Amino acid sequence: MLQFIVRRILWAIPVLLAVTFFTFALVRAIPGGPFDFAGDRSLPPSVVANLEAKYHLSDPLWQQFCSYLIGDTVCRPGDDSGRASKGVLLGDLGPSFRYRGRTVNDIIATALPISFQLGMMAMMLGIGIGIPFGVLAALKHNTWIDYSATLVAILGVSVSNVVLGPVLIWFFALKLGWFPVATWAAEPLFSGIADKYIAASEQIPMWVNIIPKPTVDFFMHAALPVFALGTALSATIARMTRGSLLQVIREDYIRTARSKGLRERAVVVRHALKNSLIPVVTILGPMFAGVLTGTFVIELIFAIPGLGRHFVNSIGNRDYPVVLGTTLLYGVAIVIANMLVDITYAWLDPRVRLE
Amino acid sequence: MTENENLIEVSDLKMYFPITKGVIFQKKVADVKAVDGVSFTIKKGETLGLVGESGCGKSTTGRAILQLYRPTAGSVKFKDVELTELKGEKLRHMRRNMQMIFQDPYASLNPRMTVGGIVGEPLEVHNIAKGREKRERVQELLRVVGLNPYFVNRYPHEFSGGQRQRIGVARSLALNPDFIVCDEPISALDVSIQAQIVNMLEDLQQEFGLTYLFIAHDLSMVRHISDRIAVMYLGKIVEITDHNTLYEDPKHPYTQALLSAVPIPDPVIEDQRQRIILAGDVPSPIDPPPGCNFSTRCPRVMDICKEVDPTWQDIGENGEEHWVACHLYE
């Protein structure tokens, strides 16, 4: 097990290096640069040249990549024009071009905890609704229960969050006034620790921000976005669970279990469900990684300052370090999620060996 | 109190599977008549062979007897208890006495349970043994079926087909049943392994006084293991008699055709073997022909066969039972 994890982490290194390389190359292949503004906001060429020089954008690409990867001290010896980057390998994702004075690390440290909280709750809701409904639909196969569950699931998959989000806000926040319209209201659970950093006017470390204080305000603000995101996820999960369970329930060993004289409940839970969860777990991994690192639409509609908007906006802004930083973060999340999926496989199916 | 020597009494058992149409309002448009009125008895300690070609309803009969399917009509009595009326907990408790060995040893064992879990689970759900006691019982069962008792912690995929079928047999024996339905227990196995399993089943029958319903399509294997044999065609039993009588003096034209297809392991006699080749296909069980089900293919068909169902009668001589459903003998 430990050996498996270590090997997977070692394997992740070339994968993430490749991700970094291709993102670096692709994002720079897009025409335009970070300081090309149109119309009134356009900068004089001399200013642009100065800015590009400050961020080393006029250097050869190989040198830019080198210093992004392993830091300025190695790749630009004797250069002291800007702040010296330590390089991605040491965890320094560099400065943002658009948000002056903020580093990509700062941006992620502030935005990721919010996306993480939203995503985590949405996943819990999605699994909590999706699996039971999928099981119910499969057990009541071809009855009105199955058809209505399937209908709701298809609606859930096909009604986009762009529609569901505003409808929820209009009805539950504006019409009924049960929930606040937008924004996020998380306070760190360990507020004492956070206060110390604030007093010292330092960046609060990510792990402090990630655990929210379970206040009423927090949950009221979270309710609508979590519902919108969670139901969309649950629809996919329910469809997957139903399809897979329908297959397993027709297997011979389910008949064997019945002939042993097991209660129907035990047949379903102990014999059928665990065998049918493998495809569900397979989709949960990437889904988890995607949702935890931020969802653009939901965060935009509910004005949640999460990471999702940075994924999208940074491309338009040609904010190269932010594009690279968020992509790399997503890559890491995918690698970890898939590793967890594989570990879960081994638990669900003894034929899978972690070697 | 007189003891009934019949362990199983099946009378006029019918198992229809509905074919439905419509998405929200389902209406039944037809039935697949998988089993259409079969009657037979199995005596205590006896093996009744059930043969017939694929799709004739052999397995369905076996499952309907054990109430793995709820029969559409008819009665199944086990030790004079009417099984078709049992429900829920009572049926669950009844399952201790009747078990099944399944056809496909690759599909019938849950891949994510250990051998100990598979064989021991019945002991636990019926509150017979737990923990250490259960483990010892499982090991004993493995020994009985000729497996190494240390296999308890292994998973089904680590075994060969024959070993898996032995696990299936151990599982079915766990509750000390009186009656076991063997649903083609050997047809998925290599020929060399088939003999091992059949011999084991015979030994177990002697040792534990088991009663078998042995479903198969391998005719020579059935003759070897069975005391009596029932021949099934399109959801109905056409002939039941002693295993030797059936092979030496088959009465029903279908039985005769079926037996003529058995190869004889002697090249001289094999060359002289006259095969009765049946014309056409088995009719659909959704819409069986009127009269005798076999009338569409029977080489000795008469006019009456196409109109009137033949009666199920005993034509045996010298006190020997020989039941057949054919107009030729009326």
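**View 1. Helix H14 of chain A and its cover.** In this predicted model, the buried residues of H14(A) are covered by elements that include H5, helix H13 (296-301) and helix H15 (320-348) of chain A. Which residues of helix H14 (residues 308-316) are buried? Look for A:Gly308, A:His310, A:Phe311 and A:Ser314. An α-helix has 3.6 residues a turn, so residues three or four places apart point the same way. After H14(A) comes A:Arg318, and its phi is positive, near 55°.

**View 2. The largest nonpolar core.** Here we move to a core of 150 residues, the largest nonpolar one. Good places to start are the residues with the most contacts inside this core: A:Leu229 from chain A, together with B:Ala170, B:Cys182, B:Leu213, B:Phe214, B:Ala230 and B:Val231 from chain B. Which helix gives the most to this core? That is helix H5 (residues 104-139) of chain A, with 17 residues. From chain B, domain 1 (6-21 + 30-97 + 178-329) and domain 2 (107-176) each supply at least three residues.

**View 3. The surroundings of B:Ala230.** Setting aside neighbours within four places in sequence, what is B:Ala230 in contact with? Its partners are B:Phe40, B:Leu48, B:Gly49, B:Leu50, B:Ile237 and B:Ile240.

**View 4. Where chain B touches chain A.** Across this interface, 22 residues of chain B are in contact with 22 residues of chain A. On the chain B side, strand S6 (98-101) and helix H3 (115-125) are the elements that give two or more residues. H3(B) gives the most, with three residues. By class, this side of chain B has eleven nonpolar, five polar and six charged residues.

**View 5. Chain B, from its elements to its overall fold.** Ten helices and twelve strands make up the secondary structure of chain B. With a radius of gyration of 21 Å, close to the 20 Å that the globule rule gives for 330 residues, chain B is therefore as compact as a globular protein of that length. Taken along the principal axes, the C-alpha atoms of chain B fill a box of roughly 65 × 60 × 50 Å. Of the 330 residues in chain B, 40% are buried. Among contacts in chain B with a separation of 6 or more, 63% join residues 24 or more positions apart.

Key:
Residues are numbered from 1 along each chain as its sequence is written. Chains are lettered from A and ligands numbered from 1 in the order in which they are written. This is a predicted model: local features need pLDDT of at least 70, side-chain atom pairs count only at pLDDT 80 or more; totals for chains, interfaces and linings use all residues. A nonpolar core is a set of buried Ala, Val, Leu, Ile, Met, Phe, Trp, Tyr and Cys residues joined through C-beta atoms within 7 Å. A residue is buried if 20 or more other C-beta atoms lie within 10 Å of its own, exposed if 12 or fewer, and partly exposed in between; C-beta atoms are placed from the backbone. Helices (H or I, at least four residues) and strands (E, at least two) are DSSP runs, numbered from the N terminus. Domain bounds come from an automatic or database domain assignment. Two residues are in contact if their C-beta atoms, placed from the backbone, lie within 7 Å. Ala, Val, Leu, Ile, Met, Phe, Trp, Tyr, Cys and Pro count as nonpolar, Asp, Glu, Lys and Arg as charged, and the others, Gly among them, as polar. The radius of gyration is taken over C-alpha atoms; the globule rule is 2.2 Å times the number of residues to the power 0.38.
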